[in-house]
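Welcome to this guided tour! Please open your viewer, show the chain as a cartoon, and get ready to select a few residues along the way.

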Amino acid sequence: MAAGDYMPVVLWFNFLAGFLYIGAAIGIWLQRNWALRLSAFIVVATSLIALGFGFLVFQGVAYEMRTVGALAVRIGVWTVITLTLMRSRHQM
């Protein structure tokens with residue numbers, strides 16, 4: 001499948017965010033308090049990238065619809081992870 005009309009800023013963010021995902025997974029596995037903060041950071045950072053992406057789309061920059069879906073899924077998944085960590089922290 002061809003790459004299509006990708007945006008380099010989103011591509012680089014996704015690459016770098018992968019390292020944050022691994023770090024957060026390790027923190028969650030080890031039940032570290034910082035895992036919650038890192039998960040929340042991932043949600044905020046991904047949302048900011050999505051806003052920037054949306055701005056570029058409205059400016060007329062070519063894009064792939066897959067990117068819209070991928071950003072939505074990432075924001076949704078990390079929001080659920082963050083909220084779950086928040087709830088589990090309050091139940092302790």
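## First stop: L16

Select L16, which is partly exposed, with a relative accessible area of 49%. Here buried means under 20% relative accessible area, exposed means over 50%, and partly exposed lies in between, using a 1.4 Å probe and protein chains only. L16 sits in helix α1. Helices (H or I, at least four residues) and strands (E, at least two) are DSSP runs, numbered from the N terminus.

Before going on, a word about the model: it is predicted, so local features need pLDDT of at least 70 and side-chain atom pairs count only at pLDDT 80 or more, while totals for chains, interfaces and linings use all residues. Residues are numbered from 1 along each chain as its sequence is written, and side-chain values use heavy atoms, leaving out hydrogens and water.

Together with L16 they make a nonpolar surface patch of about 490 Å². Accessible areas come from the Shrake-Rupley method with a 1.4 Å probe, and for residues only the protein chains shown count as cover.

## Along helix α1

Select residues 8-29 to see all of α1. This helix has 22 residues and reaches 32 Å from its first C-alpha to its last, close to the 32 Å expected at 1.5 Å a residue (the expected span is 1.5 Å times one less than the number of residues).

Which residues of α1 are buried? Colour V10, F13, A17, Y21, A24 and G27 to find them. They pack against α2 and α3 (65-90).

Next, click L20, also in α1. L20 counts as partly exposed, at 28% relative accessibility. Leaving aside neighbours within four places in sequence, L20 is in contact (heavy atoms within 4.5 Å) with L38, F41 and I42.

## Around the loop

Move on to Q31, in the loop between α1 and α2. Q31 is exposed, with a relative accessible area of 66%. Its phi is positive, about 55°, although Q31 is not a glycine. Most residues other than glycine have a negative phi.

## Into the core

Select I42 and W78. These have the most contacts inside the largest nonpolar core, which has 15 residues. Such a core is a set of buried Ala, Val, Leu, Ile, Met, Phe, Trp, Tyr and Cys residues joined through side-chain atoms within 4.5 Å. α1, α2 and α3 each supply at least two residues of this core, and the largest share, seven residues, comes from α2. Not counting residues up to four places away in sequence, I42 touches L20, Y21, A24 and W78.

Beyond residues up to four places away in sequence, T46 touches F13, L71, R74 and I75.

## Zoom out

Finally, show the whole chain. It has three helices and zero strands. Its C-alpha atoms fill a box of roughly 50 × 20 × 20 Å, taken along the principal axes. Buried residues make up 25% of the 92 residues.

Note on methods
Patches are made of residues with over 30% relative accessible area and no salt bridge: like charges are joined within 9 Å, nonpolar side chains (Val, Leu, Ile, Met, Phe, Trp, Tyr) within 5 Å. A salt bridge is a side-chain nitrogen of Lys or Arg within 4 Å of a carboxyl oxygen of Asp or Glu.
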